[in-house]
Amino acid sequence: MSSLSLQGGFLLVVAAALLCHYVFKRHEPTNPLSHLGLLVVVPAILTTLFLPNASTFTRAFACVYLLYYSTILLSVITYRLSPWHPLARYPGPILCRVSKFWLAWVSRDGKQHIYYSRLHQTYGDVVRIGPNELSIRDVNAVVPLMGNNGFPKGPHWDGRMAEQSATRTVIAVRDSVEHARRRKPWHRAFSVAALKGYDEILSKRVQQFVTVLEQQTQPFNLAERISHFTFDFMSDMAFGGGSEMLRDGDKDNTWHLLESGLPTALVLSHVPWLGKYYAKLPGIGEGLKKFRTFCQSRAMLRRSTGSLSKDLFHYLIDEAGLERHSSPPTFAEVASDGVLAIVAGSDTTATTLSSLFLSLLRHPQAYYRLQAEVDRFFPPGEDVYSTVHHPHMSYLNAVINETLRLFPPVLSGSQRGVPRGDDDKFVGPYFLPEGTNAFVHTYSLHRDPRNFSPSPDTFWPERWLKPEERAALPSFDAKLPIVHNTKAFVPFSFGPMHCVGKQLAYQELRMVVCAMIHRLNFSFAPGYDPESWERDLKDYFVAMKGRLEVVLSPRNASF
Ligand code: HEM
């Protein structure tokens, strides 16, 4: 090799770099050892071949590595921007098409939902938001992308859950068959009969919550109190108790620990391969680890004490032994899904409930209509914690749906991916080659006038009422043209991997809203700026919310 000319040496390095790009493109290796081999060992070998042409080792090293990396970079950029790229037909900003590092950067301040929304306004219904990723704002894509014949979960979970090597929670299981197996106990846990059984656990917590609220004589942050309530309730469900934030406040700083990890998890979801390195850094994810350890000990305690009531844990661990002869869930799976129940079930409902009160206070007419309905269904002597009237309370359900439409707690939806090696597919009218990731952008879909009008950006629960109910309202113009496409309403996602806790979320929201409205009067605290709510709402996959300052007064004692 000593006879290798300078020109030949350069060509060899360039060829090796092009080959390296090809391997990355074709196989997308995520294993750190493959990265080491392709990005460090190969150029190191090339350096030794290059040595005879260089005056010093340092020069040879610098030349080869510089040439190797710049060739890879140039080749990657050229290919991603070229008309030969399989997603070349889709428009999108150049920086998005070049690398997902751009979105990782853009979304760090929690405003990725606004960024996607603007991209859709500029580029149309499908935008290439990454080299291999599309954001879709088209209702026709919902079923083909996420329905029964849709795609498995996308790789963003590999980044989000990077430090969770052993047992993933069900939400992050990317293999469809394994996902279906892990979902089985969840389905049982949210059957009609099981849901009915949760009323008692729920009403106890709602009563405690309303009592805590009644003691508030000064302005306070309602959003924070709501979070404490949803967290305590989900801990009751997942592990038979263990959290008393309503009583003691968040003395262990749990909310802060959980929320502090969200921005990083979002960045890693955009660049999943980075997660493997990040997870190895010392001290990383300490908050979450501490929380998981706490949940694990709760799960062990709950397993040894057995069931006091048929809570979520009862079904997740299969206490009835229904899966004994097939594939019973392992303890690690149950403990990990218990953590998911608390994280997925408390933050989302807390955001919805807070956004709902924010919206009611900004729209007094809606507030009064809801209050009138609650008073009608729960006159003096009627149990406000009973769920029997809920299906008939059309305005209550309209208010909840309108809140979920405007403020879906998972603002940007859940990613799906066409696995490598699968055939290229069409999603509605859109061609998705193998290796493409895509999601329906919930926030944009929900605010698209083609799906909801008039005033898709305005809180208007009346749009959810039946036409005859609307017509009966005073001051309603029956000629007003209304577009209301419920197929475009996907706050819980869609298909076999959609939110399995949807019915529990509705049950909880209905009961707590009725009790709060029935027992208390709410108004904004003096000096509170309601505009700050949307400003402070952040999209870190699950939404992170700001403050909602209110004052309360008890309602007429006869209620
Ligand atoms: C307003 C409240 C809620 C909203 C808007 C919401 C929304 C979502 C969304 C968008 C997903 C992602 C689904 C996908 O990947 O396609 C999800 C998953 C999930 N949610 Fe919820 N959620 C809520 C409340 C709850 C509650 C109360 C629970 C109870 C434990 C829960 C448990 C789960 C679980 C276990 C998953 C994973 C499902 C799977 O991958 O199979 N969620 N949720």
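This section describes the domains, sheets, ligand shell and backbone geometry of a predicted model.

Residues are numbered from 1 along each chain as its sequence is written. As the model is predicted, local features need pLDDT of at least 70 and side-chain atom pairs count only at pLDDT 80 or more, while totals for chains, interfaces and linings use all residues.

The protein chain is divided into domain 1 (6-81) and domain 2 (170-554). These bounds come from an automatic or database domain assignment. The two domain centres, taken over C-alpha atoms, are separated by 48 Å. Within the chain, UniProt lists residues 6-24, 33-51 and 57-79 as "transmembrane region" in an unreviewed entry. UniProt positions follow the numbering used here, feature names are shortened, and annotations may be inferred rather than shown by experiment. Residues 33-51 are 95% helix and 0% strand, with end C-alpha atoms 26 Å apart. Residues 57-79 are 100% helix and 0% strand, and here the end C-alpha atoms lie 33 Å apart. Helices (H or I, at least four residues) and strands (E, at least two) are DSSP runs, numbered from the N terminus.

Strands pair if DSSP finds at least two bridges between them. Strand 2 (residues 133-136) and strand 7 (residues 437-440) run parallel and are joined by four bridges. Glu133 stands opposite Asn437, and Ser135 stands opposite Phe439. Strand 4 pairs with strand 7 in the antiparallel sense over two bridges. Asn437 is also the bridge partner of Gly417. Strand 7 is covered on both faces: Asn437 and Phe439 are buried on one side, and Ala438 and Val440 are buried on the other. A residue is buried if 20 or more other C-beta atoms lie within 10 Å of its own, exposed if 12 or fewer, and partly exposed in between, with C-beta atoms placed from the backbone.

The other sheet has three strands in the order 3-13-10, with antiparallel pairing. Strand 3 (220-221) and strand 10 (520-524) are its edges; each has a single partner strand, so one side of each lacks a neighbour in the sheet. Strand 3 and strand 13 (residues 549-554) are joined by two bridges. Phe220 has Val550 as its bridge partner in strand 13.

The ligand is surrounded by 25 residues, and the closest are Gly345, Ser414, Ser493, Cys499 and Gly501. A residue is near a molecule or strand if its C-beta atom, placed from the backbone, lies within 6 Å of it. Helix 9 (176-189), helix 19 (331-362) and helix 24 each supply at least two residues of this shell. Helix 19 gives the most, with seven residues. By type, the shell divides into 15 nonpolar, eight polar and two charged residues. Here Ala, Val, Leu, Ile, Met, Phe, Trp, Tyr, Cys and Pro count as nonpolar, Asp, Glu, Lys and Arg as charged, and the others, Gly among them, as polar.

UniProt places a "binding site" (unreviewed entry) at Cys499. Cys499 lies in the loop between strand 9 (483-484) and helix 24 (502-519). Cys499 is buried, with 21 other C-beta atoms within 10 Å. Not counting residues up to four places away in sequence, Cys499 touches Phe492 and Ser493. Contact requires C-beta atoms, placed from the backbone, within 7 Å. Ser493 is in the loop between strand 9 and helix 24. Ser493 counts as partly exposed because it has 19 C-beta neighbours inside 10 Å.

Some backbone angles stand out. Most residues other than glycine have a negative phi, and most peptide bonds are trans. Ser493 has a positive phi of about 70°. Glu28 also has a positive phi, near 40°. Glu28 is found in the loop between helix 1 (6-27) and helix 2 (32-50). With 14 other C-beta atoms within 10 Å, Glu28 is partly exposed. The peptide bond from Ser453 to Pro454 is cis, with omega near 10°. Pro454 is in the loop between strand 8 (452-453) and helix 23 (467-471).

Key
Two residues are in contact if their C-beta atoms, placed from the backbone, lie within 7 Å.
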